[in-house]
Amino acid sequence: MSTSHEYDVVVVGAGTAGCYAAATVADEGLDVAVVERKSEEEAGHIACGDALKGADAFPEAIPKSQIEGAFTNTGVDHGRFEIPQEDTVLDIPVPGELAVIDRLKYGRLLIDAAEHAGADFHYNTVVQDVTQAADGTVTGIRGIHSTDAITYDADVVIDGAGSLSLLQDKTDFSNTHFDTNVSYSQFCSAYREIVEVPEPVEWDDALVFKPTERAAGYLWYFPRTDTTINAGLGFQMTEEPMKLVEDLRRDLETRPEFEGAQVTDKLGAALPTRRPYDSAVADGFLAAGDAAGHVNPTTGGGIAGAAYAGTYAAEQAVKAVSESDVSEDALWRYNERVMDHFGARYAGLDVYNVLSTAVDVDDLMGLLASLPGEKLAEALYSGTTSFGPMLLAKTAKESFGYWSQILEFYRTKNLADELMEHYARYPRRAEALPVWQDQRDQLMDEIYEMTGAEPKY
Ligand SMILES: Cc1cc2nc3c(=O)[nH]c(=O)nc-3n(C[C@H](O)[C@H](O)[C@H](O)COP(=O)(O)OP(=O)(O)OC[C@H]3O[C@@H](n4cnc5c(N)ncnc54)[C@H](O)[C@@H]3O)c2cc1C
């Protein structure tokens, strides 16, 4: 049997990007369907560290008031960086509002909100292909619902299908500027368990981080409550694969507070740790969230980027449908809004990610231990930081032995700043993208040369 549907906009994926996109389209009175491969019960159950940053300023389509029922810990105010190599623990303030959440409950609240706005949800439906007109315009999707073929015709398709989205493998993007320079090496493989501990932990006001034994990875312990801990780890896919389950178990066994603990849930997934896509639009098509690399590449935080990108993509889609022009040019403004809001910053942060793949983990940890916490926090979230003379003098004293790394770090920071300035000049028209990309690639060449890292793009 085969069924077909017609909508103004079809969104693939009932995650953060998909739900914000669908709620935004529905609020504007257009017909929108969300197509999700999982069942209604499983939808919203997504591998995550459960740390939600900046929800107080989330887009209006699904404001904080509609998701805060999932916040289980709003008392976290700092990161606790354990550096065993240096026998040091660094406390680093977390700027802005942060909540640790019950991820499944949050996922369900998002779906409820989008459904309440008027979006239709179609579960158990795996998208397998896109349909395109002779000129390349995306005109819909094809998939399987249970065992039946199903098609959706739409003016615009929004890809919110997450990391390494299948839709992008199926779409012919020739004659567009859509970013297809995407490979596994720009992703991180991550795994987490939800662990119930018998006694309350003392660090329920902190996100705990610890480097993995090899560079370019970390373990985390995020307290959903003082007895429910999200424990996980990830590594950059440029590295030799780690044995995630075993490595997590080994670390858990060294921590007395986890004695007698029970694991209640396990999930793993890939997440992008790369710069945002240079362009995430094609005729009739927009990608948002993990499907377009909208994740802070140093922290792995992607919920906020997905919420904003889903909203911006939907706003552009609504405008395009209303004006009967769904061309790449008509959708281009979406790219500009992403770059303006957070894309430039994430591209800058990616430079530190590139650096981290090229340095020795002991050197990096020694260096981090020597730097002041608030400056690290600034670097981690804003992509840049500056040292006053007093601070420089203090850091120089404490960081004796790491000066050559600091010099390299400082030079890399200057290049990251230059890169962000270049992103501030992101082109206003698709046709200007190749020249902008050439200039950006020259800056990246300098970054690879400075850091000695393998080119990532
Ligand atoms: C282990 C781990 C820990 C993380 N920790 C944090 C954290 O603490 N804080 C934070 O902010 N971010 C974190 N992230 C990142 C964050 O989870 C993602 O950035 C965010 O979920 C992206 O949302 P999204 O809507 O783009 O994609 P997703 O949430 O991945 O949603 C994609 C949806 O599309 C559906 N789908 C995929 N393919 C198809 C198909 N072919 N047909 C139909 N449906 C399909 C999926 O089932 C899914 O429901 C973490 C990620 C991982 C993997």
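**Overall count**

I started with the secondary structure, which comes to 13 helices and 18 strands. I am working from a predicted model, and I keep that in mind throughout. I looked up burial next: of the 457 residues, 55% count as buried. Then I turned to contacts between residues at least 6 apart in sequence, and found that 73% of them join residues at least 24 apart.

**The start of the chain**

I went to methionine 1, which sits in the segment before β1 (2-12). Is methionine 1 buried or exposed? I noted it as exposed, because its relative accessible area is 76% and the cut-off for exposed is over 50%. Leaving aside residues up to four places away in sequence, I found that methionine 1 touches Asp148 and Ala149. I also checked the C-alpha atoms of methionine 1 and alanine 149: they are separated by 6.5 Å, though the two residues are 148 apart along the chain.

**The seven-stranded sheet**

I traced an open sheet of seven strands in the order β6-β5-β13-β14-β15-β12-β16, and its pairing is mixed. Its edge strands are β6 (88-93) and β16 (262-272), each of which pairs on one side only. From one strand to the next, I read an average twist of 20 degrees.

I wrote down two facing pairs here: phenylalanine 81 stands opposite leucine 90 in β6, and glutamate 82 stands opposite valine 89 in β6. The hairpin of β5 and β6 has four residues between the strands, and aspartate 87 in this hairpin takes a positive phi near 50 degrees.

Then I looked at how β5 pairs with β13, and found the parallel sense, over four bridges. Arginine 80 stands opposite valine 208 in β13. How many of the six residues of β5 are buried? I noted five, so β5 is mostly covered, with buried meaning under 20% relative accessible area.

I also looked for a helix against this sheet and found α5 (residues 244-253), which lies across β12 (187-196), β13 (206-211), β14 (217-223), β15 (228-236) and β16. Helix α5 runs at about 45 degrees to β12.

**The three-stranded sheet**

I traced another open sheet, with three strands in the order β3-β7-β4 and antiparallel pairing. β3 (51-53) and β4 (71-73) are at its edges with a single partner strand each, so one side of each has no neighbour in the sheet. Neighbouring strands here are turned by 55 degrees against each other on average, direction ignored.

I followed β3 to its partner, strand β7 (residues 98-101): the two run antiparallel and are joined by three bridges. Alanine 51 has valine 100 in β7 as its bridge partner.

**Two helices side by side**

My last stop was the pair α1 (residues 16-27) and α3 (residues 103-117), whose axes come within 8 Å and cross at roughly 20 degrees. Why did I write "roughly parallel" for α1 and α3? Their crossing angle falls in the range for that term, because angles under 35 degrees count as roughly parallel. The crossing of α1 and α3 is left-handed.

I listed the residues that meet: in α1 they include Cys19, Tyr20 and Ala23, and in α3 they include Tyr106, Leu110 and Ile111. Sorted by kind, the residues of this contact come to 10 nonpolar, one polar and two charged.

Notes
Residues are numbered from 1 along each chain as its sequence is written. This is a predicted model: local features need pLDDT of at least 70, side-chain atom pairs count only at pLDDT 80 or more; totals for chains, interfaces and linings use all residues. Side-chain values use heavy atoms; hydrogens and water are left out. Axes are lines fitted to C-alpha atoms, for helices over the stretch in contact, and angles run from 0 to 180 degrees between N-to-C directions. Angles under 35 degrees count as roughly parallel, over 145 as roughly antiparallel, 65 to 115 as roughly perpendicular and the rest as oblique. A crossing is left-handed if the near helix is turned anticlockwise from the far one by less than a right angle, and right-handed if clockwise. Contact means heavy atoms within 4.5 Å. Ala, Val, Leu, Ile, Met, Phe, Trp, Tyr, Cys and Pro count as nonpolar, Asp, Glu, Lys and Arg as charged, and the others, Gly among them, as polar. Two strands pair if DSSP finds at least two bridges between them. Buried means under 20% relative accessible area, exposed over 50%, partly exposed in between (1.4 Å probe, protein chains only).
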